[in-house]
Amino acid sequence: MKRIDIKALPKISLHDHLDGGLRPQTIIELAEAVGHKLPATDAASLGRWFAESANSGSLPRYLQTFDHTTAVMQTREALTRVAKEFVFDLAADGVVYGEVRYAPEQHLKLGLTLDEVVEAVQDGLEQGMEAIDASGGFIRTGQLITAMRHADRALEIAELAVRHRDNGVVGFDIAGAEEGFPPSKHKLAFDYLATELLPTTVHAGEADGVDSIKDAIVNGRALRLGHGVRICEDLLVAGTDGGADSVMLGPVAQWVHDREIPLELCVSSNLQTGASREFGDSFEEHPFDLLYGLGFKVTVNTDNRLMSATTLTREMELMVEAWDYDLEDLRQFQINAAESVFQGVIEREDLIDLINEGFDECLDD
Ligand SMILES: [Zn+2]
């Protein structure tokens, strides 16, 4: 098969953390401005430090990396710059629509209010989109406001998200320690969001298993699952060939499958944090391909581009290498994502058209 230029294909990013995607050089400059000490002082070594920490196999070391990124994202200027560069970097990767998530409560150390944080990020996103438009490109964005699950401010953060729904916010998420902090602990927040009809995606099935996924659907009313990879723990592999036809689905997997609840899968990130450990440590052992074969609504995501030293293009290239996907497989993942964005049906259909046009052009080449 002829080599596909994956970067040139239109793509959609559903699961990408703002504090996990900074440019190393930006971190250095922002750290200087606020007097924050970094583990390295030039961009190349700092980039390596992030990748090595994420690859260390130690979750505390992985999580430590975010102390440095959030430390330099405490002013309006810093947040605006990081958000603007988020747009530039996604556009350069061929992304036509990206939802960016972050927890505003982690950006208050130098006196910003929650509302100011959301506004600063929105300013950056809009500046980025305008600049891309002006250069003849195209990208649209949406903010996902995240509450930290070990904290007790979820209702306040949910209200913040609803307050900014006409200013760029498209949904709500919870992140952080999954085990021991299920959505049911934040019932008031999720009840409020349901009443206000704001979409939610919930990190679930990453550091915890099937019960956590069920809680995300039942109590979190999750319309998508952040990762959701451990839905595989609800599969019963009956045959010895390990293929899709020898698999039986448990009740939660059946529900996620039949309701076509999108899985925001992040293969490289899963390998680093051990979320898919029981399937093996290599890319090709990750259950993405199994879930795709079973007909789950799988999407391709980066999670933290800086820590995983990745892009959506790279994730898709690794998939082609691991599972021999062709253009139609890659198209399916992007259509799945386009159908799952937290936008109206008209916008979703426009995105689907855009994806199809780009993939058709690639066919003609
Ligand atoms: Zn995530």
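This is a predicted model: local features need pLDDT of at least 70, side-chain atom pairs count only at pLDDT 80 or more; totals for chains, interfaces and linings use all residues.

A: Start with helix H4 (residues 76–92) and helix H5 (residues 114–134), whose axes come within 7 Å and cross at roughly 35°. Helices here are DSSP runs of H or I with at least four residues, strands are runs of E with at least two, and both are numbered from the N terminus. Axes are lines fitted to C-alpha atoms, for helices over the stretch in contact, and angles run from 0 to 180 degrees between N-to-C directions. H4 passes H5 in a right-handed crossing.

Residues are numbered from 1 along each chain as its sequence is written.

Which residues of H4 and H5 make the contact? From H4 come Arg76, Leu79, Thr80, Arg81, Val82, Ala83, Lys84, Phe86, Val87, Phe88 and Ala91. From H5 come Glu116, Val117, Ala120, Val121, Asp123, Gly124, Leu125, Gln127, Gly128, Met129 and Ile132. Two residues are in contact if their C-beta atoms, placed from the backbone, lie within 7 Å. By class, the contact of H4 with H5 has 13 nonpolar, four polar and five charged residues. Ala, Val, Leu, Ile, Met, Phe, Trp, Tyr, Cys and Pro count as nonpolar, Asp, Glu, Lys and Arg as charged, and the others, Gly among them, as polar.

H5 also meets helix H6 (residues 154–163). The buried residues of H6 are Ala154, Ile157, Ala158, Leu160 and Ala161. Buried means 20 or more other C-beta atoms within 10 Å of a residue's own; exposed means 12 or fewer, and partly exposed lies in between. Besides H5, the buried residues of H6 pack against strand E3 (140–148), strand E4 (169–175) and helix H7 (187–196).

Now compare another pair. The axes of helix H2 (residues 43–55) and helix H3 (residues 59–71) come within 7 Å and cross at roughly 145°. Phe50, Ser53 and Ala54 in H2 meet Arg61, Tyr62, Gln64 and Thr65 in H3. That contact divides into three nonpolar, three polar and one charged residue.

Ile27 lies in helix H1 (residues 24–34). Ile27 counts as buried because 25 other C-beta atoms lie within 10 Å. Beyond its neighbours within four places in sequence, Ile27 is in contact with Leu22, Leu38, Leu46, His68, Thr69 and Val72.

His227 is in strand E6 (residues 224–227) and is buried, with 26 C-beta neighbours inside 10 Å. Asp324 lies in the loop between helix H12 (312–323) and helix H13 (327–340). Asp324 is exposed, with 10 other C-beta atoms within 10 Å.

Last, the whole chain. It has 14 helices and ten strands. Of its 365 residues, 48% count as buried. The C-alpha trace spans about 60 × 50 × 45 Å along its principal axes.

Methods. A crossing is left-handed if the near helix is turned anticlockwise from the far one by less than a right angle, and right-handed if clockwise.
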